[in-house]
Amino acid sequence: MTQTTAAASVRPFRIDVPQADLDDLNERLARVRLPDELPDTGWDLGVPAGYLADLAAYWRTGYDWRRHEAALNEIPQFTTEIDGQNVHFLHVRSPEPDATPMILTHGWPGSIVEFLGVIGRLSNPRAHGGDPADAFHLVIPSVPGFGFSGPTRERGWNMTRVALAWAELMRRLGYERYAAQGGDLGALISPELGRVAPGAVIGIHVNAATVGFQPSGPVPEAVRAQLTAAERQRLAALGRFTAEGTGYRAIQSTRPQTLAYGLTDSPAGQLAWIIEKF
């Protein structure tokens, strides 16, 4: 594919959620049925019913989707098809001609919205009191299966396949050399991008790094002996999270279709599932 053809395959995109979908959401939120709960358990067993009821009420009566939709549409958005999959992304060019291209990848449960607060500072540091030499051209894609890059239509969208898609996306946009940043799930995809496109990726930054960056099993005593007190505390916290906070990972990676019925049909269920981790 020539660069001209590749560029032509990138299409402008604008968010426009049908009003009928918003009306349906409002009606479902108005009919929320809360489960019973044990007394005095707080967050030990999951999201408290009172907390969820308040949040669902705010979603129905206080949250203005059209205002947020309009704000998102002020940012240049596009879609393109890569490896048979629709890919949605933000593309913000810096006013600085020598800006460094960078691709930013979100995590779960998250989206491109995670980066809205830094787009201006990264793409136009001069306007925020920073050094224009630190400017970036930003590409912020939705991971296949997330947001407007979903749904996926076949199996196999693992870290390597997403990274290969990102490499093609950057090539399609005309970027030969670029940096990569990612958090959570993005902290796995971004290093993989460096592995599949080593000649293009000039540097990688990750945050909220989990699998692959932290010990997933028992830590030998010889290693423990070398840890600082702060590191031992973090290791203990990781152990508690692994024991009590990773059930979502097990079911999402083994029976996602079964879980999807509840999350698709019930906005309150989706809200609880996300807020418990976010």
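Residues are numbered from 1 along each chain as its sequence is written. In this predicted model, local features need pLDDT of at least 70 and side-chain atom pairs count only at pLDDT 80 or more, while totals for chains, interfaces and linings use all residues; side-chain values use heavy atoms, with hydrogens and water left out.

Across residues 10-115, the chain is 32% helix and 21% strand, with its end C-alpha atoms 21 Å apart. Helices (H or I, at least four residues) and strands (E, at least two) are DSSP runs, numbered from the N terminus.

Strand S2 (residues 77-82) contains Thr-80. Two strands pair if DSSP finds at least two bridges between them. Strand S1 (residues 11-12) pairs with S2 in the antiparallel sense over two bridges, and Pro-12 stands opposite Phe-78 in S2. S2 also runs antiparallel to strand S3 (residues 85-92), to which six bridges join it; here Gln-77 stands opposite Leu-90. S2 and S3 form a hairpin with two residues between them, and Asp-83 in the turn has a positive phi of about 55 degrees.

Thr-80 is buried, at 0% relative accessibility (buried means under 20% relative accessible area, exposed over 50%, partly exposed in between; 1.4 Å probe, protein chains only). Its side chain reaches the backbone oxygen of Ser-9 at 3.2 Å. Residues in contact with Thr-80, not counting those up to four places away in sequence, include Ser-9, Val-87, Phe-89, Leu-169 and Arg-172 (contact means heavy atoms within 4.5 Å).

Five aromatic pairs are found in a search of the whole structure. The pair of Trp-43 and Tyr-51 is edge-to-face, because the ring centres lie 5.0 Å apart and the planes are at 70 degrees. Rings of Phe, Tyr and Trp (its six-membered ring) pair if their centres lie within 6.5 Å; planes under 30 degrees apart count as stacked, over 60 as edge-to-face and the rest as tilted. Trp-43 is partly exposed at 41%, and Tyr-51 is partly exposed at 40%. The rings of Tyr-58 and Tyr-63 are also edge-to-face, with centres 6.4 Å apart and planes at 70 degrees. Tyr-58 is partly exposed at 46%, as is Tyr-63 at 31%.

Note on methods
Polar contact = N/O pair within 3.5 Å; in protein donor to acceptor, adjacent residues only side chain to side chain.
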